[in-house]
Each structure stands twice: as structure tokens, then as C-alpha cells.
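Welcome to this guided tour. Please open the model in your viewer and keep the selection tool at hand.

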Amino acid sequence: MAVPVDVIPRRPTLLFIVVLSLLFILMSLSSRTRYLGETRTMFERTVMTIFSPVPRAVNWIGQSASDMYHGYLDMRHSVDENVQLHQKVIQLTTENLKLRQSEGDLKRLRGLLGYSEQFTMPTTMAQAVMLDTSSRFKSIIIDRGSSAGIQVNDAVANASGLIGRVILTTKDLSKVQLITDSNAAVGVLIERTRRQGVLRGDGGAGAQLLDIPSLADVQPGDNVQTAGIDGIYPKGIPVGTIVKAEKGQELFKNIAVRPSVDFSGIEEVIILHTRKIPGEVVRYTP
Amino acid sequence: MRWLRFLIGLLIALTLHSLLDSFFPNALAFFNPYVILIVYYSMGGNLVGAIFAGIAAGLVQDAYSGAIFGLHAFSLTVCAYAVAYVNSRLVLRGTLAFGACLIGAVIINELVIFVLVNILLKQRIEMFEQGMVVKTIFTCLFGMLVYQLLTLFLREEPIDATRRQTAW
């Protein structure tokens with residue numbers, strides 16, 4: 001049943017005063033319990049209990065949002081860290097490769113240095129900048145020229161053995177004819193028997209040893225080195241290994257030599273400034 | 001229906017209270033969401049309803065604040081009654097009128113608290129004037145914004161026809 005409108009006063013001043021009085025008593029009690037050390041009254045606890053889901057929900061939402069945010073930040077941090085670590089791995093891998101290359105270079109240069117020390121003539125180190133070993137004319141270009149004291153007919157070798165001779169120089173570059181060039185000739189001897197001959201390039205990857213008599217003791221596997229009789233190459237530089245020695249049609253044997261140098265992988269070379277035989281001595285006739 | 005709206009408003013105010021306490025502990029020194037709720041409800045001009053609304057909102061605020069239990073209930077009841085009384089005499093409509101009611105309500109609320117704390121606890125509230133000015137400004141601005149949004153989405157109940165129109 002609906003309550004008549006007249007029952008509820010339009011200006012309930014009395015109700016207002018009663019309410020305020022009750023609230024004042026409540027406050028007084030509350031302030032008294034505070035002094036006694038009880039911070040919460042039963043009424044206060046009841047109100048808190050009724051509305052407690054709200055702060056709990058807010059706290060849960062806030063905590064969840066905070067966790068999500070921090071999780072996101074952690075994830076971003078992990079992604080950044082991952083990217084940085086990837087970059088570090090790339091950097092370290094590159095550095096490792098450089099160090100490996102340096103180690104290889106060091107070994108090779110140490111070999112070259114030790115090798116060059118056995119020569120009494122002045123030497124110059126150079127780097128091969130171009131290789132032309134595909135055509136019949138075999139040559140390489142090195143990064144030292146006349147300004148470094150390099151002259152035509154200087155011998156060129158590396159730690160493995162003889163490479164060839166300088167055939168052209170500019171101020172900064174030189175061209176080297178390889179011993180495998182079909183126009184190249186080197187005075188050599190067989191290490192085991194000291195038999196001398198002439199090594200001529202076959203225009204391919206090897207060379208032929210000429211002027212070795214049919215009766216000479218030559219066997220595959222014999223090492224060949226420079227004889228020092230041609231006025232260009234000093235004595236004792238390894239040239240190659242005999243791979244085939246057959247009796248020829250005439251007085252000499254057909255001997256194939258595999259060069260000791262891998263011409264496709266030449267990097268550093270030593271230029272041997274050999275003492276040249278003056279032209280007049282060569283042309284001297286009594 | 002109006003009570004349901006009030007209950008929802010009370011829950012929102014408590015949510016705001018909890019949120020601000022959790023993330024911006026000093027924010028409640030700048031504005032009071034319960035006053036906004038009370039003024040919004042009391043502008044209907046129902047004095048009895050305003051008294052009970054003030055008690056309910058105040059007790060909830062007291063329960064979740066460190067004040068003496070009943071302090072805010074007392075002050076908000078006074079505010080609610082005052083706003084409802086004015087609105088029972090005058091027809092105050094619109095955002096500006098709501099803002100004006102809010103200013104008055106905040107000032108009454110702060111003054112009542114100041115007096116009660118002085119009487120019951122024999123304490124003085126430090127920087128009371130500055131605090132009151134700041135709270136009045138921010139509560140008024142925030143409340144007007146809320147009122148504007150509410151009038152856009154909710155239709156207000158008709159105000160008692162016996163009241164006289166004003167120039168607001």
C-alpha cells in the first residue's frame with residue numbers, strides 16, 4: 001500500500017535534527033573508542049563489510065593492470081635485450097672471424113718472415129692485388145712498384161716456394177710472371193741428385209723440367225729447387241715436385257713438375273732483390 | 001529508480017575513492033566525489049531522500065577513510081539538506097546551477113568538518129582555507145563535467161512543479 005504523501009513532511013526539520021543528533025552521538029562514541037585504542041566500531045565494520053567488494057575489485061583490477069603493465073615492460077625489456085644480444089653475437093662473430101683471419105695471416109707472415117730471413121739479399125713484402133691465372137699467360141699484380149725498389153727480373157716467392165719474376169714495374173704496382181707461364185724459364189736442380197735442368201711453364205697449372213738426360217736418375221716425388229744459375233733466381237728456393245718422369249723420344253726425359261705454390265691462393269709475396277748479371281758480362285766474348 | 005541511480009553513483013564514488021587512494025593518495029584533498037553525488041541527488045528537492053542519501057554516502061566515506069566514523073555522514077547530511085532545501089524553493093536547472101550548488105555544498109561540508117573536528121578532537125585543520133578553496137574549485141569543475149555527461153546520457157526526473165521558477 002502506498003504511503004500518503006501527507007505522512008512524509010515536505011520539510012522534515014525534526015527528522016533532520018534527530019539524524020544529526022544521532023550522527024553526533026555516533027561520532028562521539030567513535031572518537032571515544034579511538035582514544036581507547038579501538039579504531040573501528042561494529043557499525044563501521046558493518047558498513048565496510050557491505051561495501052568491501054568495491055575496494056577489493058578496484059584493488060584487483062589495479063593490481064592486474066599493474067601486473068600487465070609491468071609484464072609488458074618486462075617483455076619490451078626482454079625484446080630490447082634480445083635485439084642487443086643478437087647485435088652482440090653478430091659483432092662477436094665478426095670479431096671472431098677477423099681474429100681467425102688475423103691468426104691465419106700471422107702464421108703465414110711468420111712463415112714468410114722466417115723464409116725471407118734465409119736470403120742474404122734485400123727483400124720486400126708485397127700483397128697480391130690481382131691474379132691472372134686463367135689464360136695461357138700467367139701473371140699476378142702486386143702492390144709494390146719501383147718506389148719500393150722493385151726492379152724488373154726481381155724474383156718473387158712466398159713461404160711455399162717460387163712464384164715467378166717481375167716483368168714490369170710502375171711506381172706503385174708490379175707485374176709478376178708466374179713460373180707456370182709458357183714463356184717462363186727457371187734454372188733448377190733436383191734436390192736429391194743435384195741434377196740441373198730448366199723448368200718451363202706449360203701454360204696450365206704445372207711446368208716441365210727440360211734438359212734432363214734420359215739416363216739421369218729422376219723419380220716422381222723428387223723435389224725441385226732453383227739452381228741459381230740463371231742470374232735471376234737465387235739458389236735453393238723450392239719450386240715443385242716431380243709428378244711424372246718418362247723417357248722421351250730424344251736424349252732427354254719428359255718430366256712434369258707440380259709447382260709447390262698454389263697460384264690460385266697467393267696473398268703475400270716476398271720480392272727478392274737479386275743481384276742482376278750485367279748485360280756486358282752476359283755478352284762478353286773473349 | 002532514483003535510489004537505484006543513487007546506489008550506482010555511490011558505488012562509482014567509492015570506486016573512484018579506492019582508485020585515487022591506490023594510485024594518487026593525495027587526490028582526495030583536491031576534490032570530493034561524494035559531495036558531487038549528494039548534490040546531484042539533492043537537486044531533486046526531496047528533503048527526506050537527501051537526508052538519507054547524505055547519511056549513506058557519508059557513512060561509506062567514513063568507513064573507508066581515517067576520519068571519525070560519522071563525521072562525513074554528518075557534514076554530507078547537512079550539505080544534502082541544504083541543497084535539497086534550496087531546490088525545494090527554487091527550480092535550479094543546468095550545469096551552471098549545479099556548479100553553484102556544488103560550490104555551496106563543498107564550502108558547507110568543509111566548514112562543518114572544521115567545526116566538528118575542533119569540537120570533538122580539539123584539533124585545528126592545517127591550511128584549512130587553502131584546502132577548501134582548492135577542493136571547491138576542483139570539485140566544482142569535475143562535478144560540472146560529470147553533470148554535463150550525465151545530462152547527455154540520462155534523462156533527469158521531473159522536478160516538483162510546486163517550486164517557483166528562477167532566472168538560473
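Before we go on, here is some background. This is a predicted model, in which local features need pLDDT of at least 70, side-chain atom pairs count only at pLDDT 80 or more, and totals for chains, interfaces and linings use all residues. Residues are numbered from 1 along each chain as its sequence is written, chains are lettered from A and ligands numbered from 1 in the order in which they are written, and side-chain values use heavy atoms, with hydrogens and water left out.

**Stop 1: helix α2 of chain B**

Now select residues 33-42 of chain B, which form helix α2. Helices (H or I, at least four residues) and strands (E, at least two) are DSSP runs, numbered from the N terminus. How many of the 10 residues of α2 in chain B are buried? The count is 10 of 10, and the helix is mostly covered. Buried means under 20% relative accessible area, exposed over 50%, and partly exposed in between (1.4 Å probe, protein chains only). Click through the helix and you will pass B:P33, B:Y34 and B:V35, which are among the buried residues.

Next, show the surroundings. The cover over the buried residues of α2(B) includes α1 (2-23), α3 (47-63), α4 (71-89), α5 (95-121) and α6 (128-153) of chain B.

**Stop 2**

B:E110 belongs to helix α5 of chain B and B:K135 to helix α6, so the pair ties together parts 25 residues apart in sequence. Are these two residues buried or exposed? Both B:E110 and B:K135 are buried. A salt bridge is a side-chain nitrogen of Lys or Arg within 4 Å of a carboxyl oxygen of Asp or Glu, and the structure holds 4 of them over all chains.

**Stop 2: over to chain A**

Select A:R192 and A:D217, which form a salt bridge through their side chains (2.9 Å, N to O). A:R192 sits in the loop between β6 (185-190) and β7 (196-201) of chain A, and A:D217 in the loop between β8 (207-210) and β9 (223-226). A:R192 is partly exposed, at 42% relative accessible area, and A:D217 is partly exposed at 39%.

Conventions. Contact = heavy atoms within 4.5 Å.
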